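Have a look at the picture before reading on.

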Amino acid sequence: MSHPAEPRSFEAMELVYEQLAAALDRVGPDDEVLFLTRLAMVMAHRAGAAIDLAACIEAAQGEGARRPVAAS
Amino acid sequence: MRPAGRGPLDSLYFAYPHFAARRAPEQDDAATVHPVVIVGAGPVGLTAALTLAKYGVRSVVLDAKATFNDGSRAICIARQSFHILEQAGAAAPFLAKALGWTTGRSFYRGEEIYRFDMPDSEHEKFRPMYNLQQQYIEQFLHDACIATGLVDLRWQSTVVGIDNRPDSVTLMVETPLGAYALQAAHVLAADGARSAIRSKLGLRLKGENYEGRYVIADVRMDHAYPTERRALFEPASNPGGTVLIHKQPDDIWRIDYQLRDGEDPDEAIREAEIRARVGAILAEIGHQGSWELEWWSIYTANTLALDDYRHGRVTFIGDSAHIVPIFGVRGLNNGLADAQNIGWKLAYLLKGLAGESLLDSYTPERRGATLDVFANAGKSARFMTPPTRGHRLVREAVLSLAATEAFARNFANPRQMQPHTYADSPLTRYPARDGAFSSGPASGAALANVRLADGRFLSDLMGEGFTALVFAGGPVAESIDALREALAALDPLFRAVVVGETGELPAGVVGIRSGGDLSERYGATGGTLYLIRPDLHVAGRWRTIVPAEIVATLDACLGRTA
Ligand SMILES: Cc1cc2nc3c(=O)[nH]c(=O)nc-3n(C[C@H](O)[C@H](O)[C@H](O)COP(=O)(O)OP(=O)(O)OC[C@H]3O[C@@H](n4cnc5c(N)ncnc54)[C@H](O)[C@@H]3O)c2cc1C
């Protein structure tokens with residue numbers, strides 16, 4: 001049975017923002033794609049049935065995802 | 001900077017006055033000791049002078065320049081600052097000229113992703129934000145200072161030396177008509193970000209500098225768009241950089257744009273480059289008519305502050321004490337609150353109504369406000385100018401998700417200035433009493449305004465000194481009369497405002513007969529009392545009066561206890 005998880009509050013998401021930015025800087029540009037993919041795998045595993053992974057992929061694949069990333 | 005061929009004061013819309021240097025009395029006479037000398041006639045120094053004048057306290061204000069600020073700097077005045085201006089008796093020209101607004105919109109690659117509306121309601125006397133060029137701000141404050149007859153404004157008077165002794169301060173002043181020494185009992189250093197007084201006293205600002213530079217350009221154009229804040233993320237006209245657009249009076253528009261990493265700042269501020277970049281941005285927002293360039297400058301974000309805002313008889317107010325990033329419009333607003341805070345405290349001290357230790361509450365209250373501003377401003381500066389690739393990627397992720405995922409939109413919130421709550425202040429003695437309330441402004445918080453049945457606002461009923469807002473009825477009705485007398489004996493400017501059905505009120509007591517909404521919004525019942533400070537912050541509140549605590553709070557607020 002799946003229990004939809006309570007989404008994180010905005011305050012908690014602000015912390016995620018900072019933690020993720022710091023982690024990306026530690027990993028460096030060469031490894032960031034692999035890092036993010038591994039992060040998604042770990043998170044999907046630990047979240048178990050609490051998240052609908054297909055729906056998450058769809059949300060992240062929305063319009064914005066097709067645009068080139070300007071970060072240099 | 002201004003376009004080639006125009007002098008530093010050749011504005012398209014503002015006629016700069018020229019203030020002549022005058023011979024100072026001190027150049028001919030043995031010096032008197034002035035109660036207060038304010039160094040700097042910027043918005044913060046002038047607001048301090050006005051606040052002192054409201055209590056009848058004279059001041060001398062010195063400024064190195066012969067006129068107002070040479071370009072438009074701060075343009076956003078927050079609601080709380082309007083309360084400060086109103087209390088100082090200067091709000092009318094601001095209301096007549098400034099453009100009030102509530103809404104901001106954020107765009108990502110040309111598409112609107114987020115809209116915020118700042119809290120506003122019929123209970124507010126002022127809009128959450130107003131846009132007005134800093135020259136007008138200074139002009140209106142200047143005119144109000146002159147009207148008081150209590151402010152001795154001395155232009156072209158540069159402070160070049162200071163001797164800060166335990167009993168008084170001597171300032172060395174240079175003018176085109178010669179130099180002189182000026183004696184003061186108290187000095188307010190409102191001499192801005194490059195404060196000479198700060199460096200002469202060997203003090204340094206501490207904090208962080210942020211990456212990322214912004215160009216600030218004002219243009220004049222006939223452009224149909226409401227007064228809103230527009231933030232353009234990743235616009236086609238400025239790839240890799242954010243753009244902010246604000247409307248100001250006189251058809252002047254502020255365009256702020258971020259420079260890309262590695263751009264040469266000297267190249268970026270060449271006039272031809274400014275014209276090309278601003279032109280591209282205006283084309284992107286659909287402006288088709290002509291436009292004229294008024295003024296531009298370049299800016300980097302910092303969060304810097306002094307460890308202590310008071311050094312002996314010298315108190316730092318405004319940019320001399322702290323520098324904050326412009327995102328969230330706190331620089332000026334934070335400084336105005338400094339001026340008001342030290343203004344009433346110093347006035348009470350000089351009029352013999354308060355003890356010296358009242359001034360000790362200035363640093364904890366106002367530096368606390370600055371640290372609060374830093375926490376928010378740091379976040380918005382990191383969002384507006386991402387310092388690293390990691391930050392850029394995460395920002396790109398949330399901005400690109402914002403169109404479809406509601407949670408991602410809040411990141412684009414500019415965290416506009418909110419008044420600070422003096423919860424940890426030495427003047428806030430009984431914060432535990434907040435626990436008995438289910439609504440209303442907490443101890444240390446700014447007054448929450450309420451529109452009364454007769455159309456007036458609660459803020460209109462506050463006195464020049466401390467005000468007790470008393471909710472009539474309940475079992476304590478009689479002890480309230482005695483308490484009111486005790487408070488009036490401590491503060492001659494004290495005023496009582498009584499809410500609810502009462503009989504004849506004693507002379508000087510203000511009554512609010514129908515206070516239905518007010519009682520509810522203040523979580524009040526018969527016998528509830530809020531003690532409001534002269535700066536409209538709550539000194540304390542009691543669901544049912546506790547006379548000894550209320551008297552002790554007023555004593556502390558008058559610097560009469562350690
Ligand atoms: C380019 C720019 C853009 C800005 N944009 C914004 C914005 O959008 N929003 C915002 O909130 N803030 C903004 N700010 C900040 C805002 O302008 C300041 O916070 C505000 O002016 C502070 O006021 P002040 O009175 O403390 O100092 P100032 O306005 O700097 O006034 C200091 C005064 O002291 C005088 N002085 C200096 N030294 C001496 C001396 N030795 N003797 C005598 N007089 C002296 C100066 O002549 C000046 O008049 C901006 C600042 C700059 C530079």
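How far is an oxygen atom of the ligand from an N or O atom in the side chain of Lys65(B)?

## Contacts with the ligand

That distance comes out at 3.1 Å for Lys65(B). Keep in mind that we're looking at a predicted model. On its own the ligand would expose 990 Å², and the protein buries 85% of that.

## Who's in the shell

There are 29 residues around the ligand, and the ones that come nearest are Asp63(B), Arg73(B), Gln134(B), Val159(B) and Asp319(B). By type, the shell splits into 14 nonpolar, 9 polar and 6 charged residues.

Three elements of chain B give two or more residues each to this shell: α1 (43–54), β9 (158–164) and α8 (331–350).

## A sheet of five strands

Over to the sheet in chain B: it's an open one with 5 strands, ordered β22-β21-β20-β23-β24, and its pairing is mixed. At the edges you'll find β22 (510–512) and β24 (538–542) of chain B, each with a single partner strand, so one side of each has no neighbour in the sheet. On average, neighbouring strands here are turned by 15° against each other, ignoring direction.

Strand β21(B) (residues 495–499) runs parallel to β22(B), and 3 bridges join them. Val498(B) stands opposite Gly511(B) of β22(B). Finally, helix α13(B) (residues 547–557) lies across β23(B) (529–532) and β24(B), running at about 175° to β24(B).

Notes. Residues are numbered from 1 along each chain as its sequence is written. Chains are lettered from A and ligands numbered from 1 in the order in which they are written. This is a predicted model: local features need pLDDT of at least 70, side-chain atom pairs count only at pLDDT 80 or more; totals for chains, interfaces and linings use all residues. Side-chain values use heavy atoms; hydrogens and water are left out. Two strands pair if DSSP finds at least two bridges between them. Helices (H or I, at least four residues) and strands (E, at least two) are DSSP runs, numbered from the N terminus. Axes are lines fitted to C-alpha atoms, for helices over the stretch in contact, and angles run from 0 to 180 degrees between N-to-C directions. Contact means heavy atoms within 4.5 Å. A residue is near a molecule or strand if one of its heavy atoms lies within 4 Å of it. A polar contact is a pair of N or O atoms within 3.5 Å; within protein, one must be able to donate a hydrogen and the other to accept it, and residues adjacent in sequence count only if both atoms are side-chain atoms. Accessible areas come from the Shrake-Rupley method with a 1.4 Å probe; for residues, only the protein chains shown count as cover. Ala, Val, Leu, Ile, Met, Phe, Trp, Tyr, Cys and Pro count as nonpolar, Asp, Glu, Lys and Arg as charged, and the others, Gly among them, as polar.
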